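Please read this report with the sequence and the three-dimensional view side by side.

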Amino acid sequence: MKSAPFEYSAPTTVAEAVDVLSHDDAKVLAGGQSLIPLMAMRLSRFDRLVDLRKIAELQGCSQVDGAVRIGAMTRQADAEHDAMVAAGVPLLAKALPNVGH
């Protein structure tokens with residue numbers, strides 16, 4: 001089965017994403033491993049998908065005020081292999097290889 005028709009947006013900034021999300025019956029796409037099959041079976045339907053993959057400010061690991069910050073769109077494998085995560089949050093670094101859908 002094919003998904004119902006929908007519009008697709010791929011903003012490059014958080015501000016653009018917020019703007020698009022405020023105007024439509026939109027759903028955030030941030031990986032899609034669960035959402036896309038549901039849409040294909042028409043168990044979920046949205047007017048617009050907003051893909052957050054191209055928003056650089058949501059990606060990566062950094063140190064902020066002495067804490068490790070992992071951006072919302074950071075791939076699990078990137079966090080798993082990040083030296084800052086391993087040093088700052090060693091238990092998370094050990095757990096990440098065992099987490100997954």
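## A glycine in a loop

G71 has its place in the loop between β5 and α3 (76-80), where helices (H or I, at least four residues) and strands (E, at least two) are DSSP runs numbered from the N terminus. G71 is buried, with a relative accessible area of 6%; buried means under 20% relative accessible area, exposed over 50%, and partly exposed in between, with a 1.4 Å probe and protein chains only. Leaving aside its neighbours within four places in sequence, G71 is in contact with L58 and G60, contact meaning heavy atoms within 4.5 Å. Between G71 and R53 there are 18 residues in sequence and 12 Å in space, taken from C-alpha to C-alpha.

This is a predicted model, in which local features need pLDDT of at least 70 and side-chain atom pairs count only at pLDDT 80 or more, while totals for chains, interfaces and linings use all residues. Residues are numbered from 1 along each chain as its sequence is written, and side-chain values use heavy atoms, with hydrogens and water left out.

## The open sheet

In what order do the three strands of the open sheet stand? The order is β1-β3-β2, and the pairing is parallel; two strands pair if DSSP finds at least two bridges between them. Because β1 and β2 stand at the edges, each with a single partner strand, one side of each is left without a neighbour in the sheet. From one strand to the next, the twist averages 25°, with axes being lines fitted to C-alpha atoms (for helices over the stretch in contact) and angles running from 0 to 180 degrees between N-to-C directions. Helix α1 (residues 14-21) packs on this sheet and touches β1, β2 and β3, and its direction makes about 170° with that of β3.

The bridges can be followed strand by strand. Strand β1 (residues 7-9) runs parallel to β3 and is joined to it by three bridges, and S9 has V50 as its bridge partner in β3. Strand β2 (residues 26-29) pairs with β3 in the parallel sense over four bridges; here V28 has V50 as its bridge partner in β3, while the partner of L29 in β3 is D51.

## Buried residues and the core

Are the residues of strand β3 (residues 48-51) buried or exposed? Both faces of this strand are covered, since R48 and V50 on one side and L49 and D51 on the other are all buried.

V50 is also part of the largest nonpolar core, which has seven residues: A17, V20, V50, L52, I55, L58 and M73. A nonpolar core is a set of buried Ala, Val, Leu, Ile, Met, Phe, Trp, Tyr and Cys residues joined through side-chain atoms within 4.5 Å.

## Positive phi angles and a strand residue

Two residues other than glycine have a positive phi. R42, in the loop between α2 (35-40) and β3, has a phi of about 60° although it is not a glycine, and R42 is partly exposed, with a relative accessible area of 45%. D65 lies in the loop between β4 (61-64) and β5 (67-70); its phi is near 50°, a positive value in a residue other than glycine, and D65 is exposed, with a relative accessible area of 81%.

A67 lies in strand β5 and is partly exposed, with a relative accessible area of 37%. A67 and M84 are 17 residues apart in sequence and 10.0 Å apart in space, C-alpha to C-alpha.

## The chain as a whole

The chain has five helices and five strands, and from the N terminus on its elements run β-α-β-α-β-β-β-α-α-α. Its radius of gyration is 16 Å, well over the 13 Å that the globule rule gives for 101 residues, so the chain is more spread out than a compact globule; this radius is taken over C-alpha atoms, and the rule is 2.2 Å times the number of residues to the power 0.38. Along its principal axes, the C-alpha trace spans about 45 × 30 × 15 Å.

Of the 101 residues of the chain, 26% count as buried. Among the contacts in the chain with a separation of 6 or more, 44% are accounted for by residues 24 or more positions apart.
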